[in-house]
Amino acid sequence: MNVLVVGGAGYIGSHCVRQLQAGGFRAVVLDNFVYGHRAALSSDTPVYEGDLGDRKILGRLFEEEAIDVVMHFAAFAYVGESVQKPLKYYHNNLAQPIALLEEMIERGLYRFIFSSSCATYGVPDELPIIEDTPQRPINPYGRTKLELEHLLRSLARAHGFSFASFRYFNAAGASAAGAVGEDHDPEFHLIPLAIGAAQGIRPPLQVFGTDYPTPDGTCLRDYVHVEDICQAHIDIIERLKSPGKEYFYNLGTGNPTSVREVIGTVASVSGKKVPFVEVERRPGDPAALYADGSKARKELGWAPRYPDIRSIIETAWRWHRSHPRGFSSGSQVAD
């Protein structure tokens, strides 16, 4: 089976490409390399460089590759930037996928797996968050994700389109084999920032707020390993063979971890002190966000291989220790 991975050179996409290949699928990558890394892909991976909304490139790709399923990981995902530059986010996260979906429908390709986000929920009234929790996004990033979910529902009813939408919580960690890991520029994710501070290659970590109504005063978040996220995408493929299917799943462990607990675990795993400074809260940061992932467990048999924060951070530490400057630390990863 041929799987087009849009954004396949990015953090989650590159992990999914590796897992697809290990599982006997043929992965084809489309990426514009704004944030992706060629070094994240093995040398035998077919790669098309361009935007997911470029109909010329899409036409050539679909003519040359017998694609069966499309996985979409190519959204811009910096929440703060989405507030400052909403047009950038609506163009990349909504307008460009519309062109991709148009091309798919014209060619009779009706299976789509969407990388959505817990940001579609906004600030929930109750925890843990279930799939039926009201979706009230509070920033353009979350709104673009939700708008695309609405469009996919419409396509399912109008064209027999089958899709799955996975709402991730905090993706973290690196591949168990050490081939790929997290390398963002700029980096806003807590775990790589804490590891970089411990290594002395980043400034002291900023802890935004210590007076939240949580056990230690810092925010609680649900961290889910990147390979566990990718496994869910692979598990759903067979279910998309029937027309007009709609699937929505939260991907999270349901075990929230505080900022202080992340700092302590990074220190324990690395054997290094994590320098940090306490600063004021950031506007809009909820005290706690975590998932009820029981629906994915029940319907997909999805069982995270990394259910606790220590096992997740151990994989991240191995990657960052061997790649202190990310993918620029060395040549292309081994095949």
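Me: Is Glu 261 buried, partly exposed or exposed?

Reply: Bearing in mind that this is a predicted model, Glu 261 comes out as partly exposed, because its relative accessible area is 42%, and that value falls between the 20% limit for buried and the 50% limit for exposed.

Me: Which element does Glu 261 lie in, and what is it in contact with?

Reply: Glu 261 belongs to helix α8, which covers residues 259–270. Once neighbours within four places in sequence are left aside, Glu 261 is in contact with Asp 216 and Pro 256.

Me: How far is Glu 261 from Gln 84?

Reply: Between Glu 261 and Gln 84 there are 31 Å in space, C-alpha to C-alpha, and the two are 177 residues apart in sequence.

Me: Ok, switching to prolines. Where is Pro 124, and is it buried or exposed?

Reply: Pro 124 sits in the loop between β5 and α5, and it counts as buried because its relative accessibility is 14%, with under 20% as the cut-off. Apart from neighbours within four places in sequence, Pro 124 is in contact with Ile 129, Thr 133 and Leu 289.

Me: And what about Pro 124 and Pro 286, how far apart are they?

Reply: In sequence Pro 124 and Pro 286 are 162 residues apart, while in space their C-alpha atoms are 8.8 Å apart.

Me: Which peptide bonds are cis?

Reply: One of them runs from Leu 127 to Pro 128, with omega near 0 degrees, and Pro 128 is found in the loop between β5 (111–117) and α5 (140–159). Another runs from Asp 185 to Pro 186, with omega near 5 degrees, and Pro 186 has its place in the loop between β7 and α6 (190–199).

Me: While on backbone geometry, what is the phi of Phe 33?

Reply: Phe 33 has a positive phi of about 60 degrees, although it is not a glycine. Phe 33 lies in the loop between β2 and β3 (47–49), and at 17% relative accessibility it counts as buried.

Me: Now helix α1. How many of its residues are buried?

Reply: Helix α1 is mostly covered, with 10 of its 12 residues buried, and among those buried residues are His 15, Cys 16, Arg 18 and Gln 19.

Me: What do they pack against?

Reply: The buried residues of α1 pack against the strands β1 (2–6), β2 (26–31), β4 (69–72), β6 (162–168) and β7 (170–172), and also against helix α7 (226–235).

Me: What about its length, and what comes just after α1?

Reply: At 1.5 Å a residue, the 12 residues of α1 (residues 11–22) should span 16 Å, and the end C-alpha atoms are 17 Å apart, which agrees. Just after α1, Gly 24 takes a positive phi of about 90 degrees.

Me: Zooming out, what is the radius of gyration, and what would a compact globule have?

Reply: The protein has 19 Å, which agrees with the value near 20 Å that a compact globule of 335 residues would have. The C-alpha atoms fill a box of roughly 55 × 45 × 40 Å along the principal axes, and 57% of the 335 residues count as buried.

Me: How many helices and strands are there?

Reply: The secondary structure comes to 10 helices and 14 strands. Of the contacts between residues at least 6 apart in sequence, 76% join residues at least 24 apart.

Note on methods:
Residues numbered from 1 in each chain as written. Predicted model: local features only at pLDDT ≥ 70, side-chain atom pairs only at ≥ 80, totals over all residues. Heavy atoms only, no water. Helix = DSSP H or I, 4+ residues; strand = E, 2+ residues; numbered from the N terminus. Rg over C-alpha atoms; globule rule 2.2 N^0.38 Å. Buried < 20%, exposed > 50% of the residue type's maximum accessible area, 1.4 Å probe, protein only. Contact = heavy atoms within 4.5 Å. Expected span 1.5 Å × (residues − 1).
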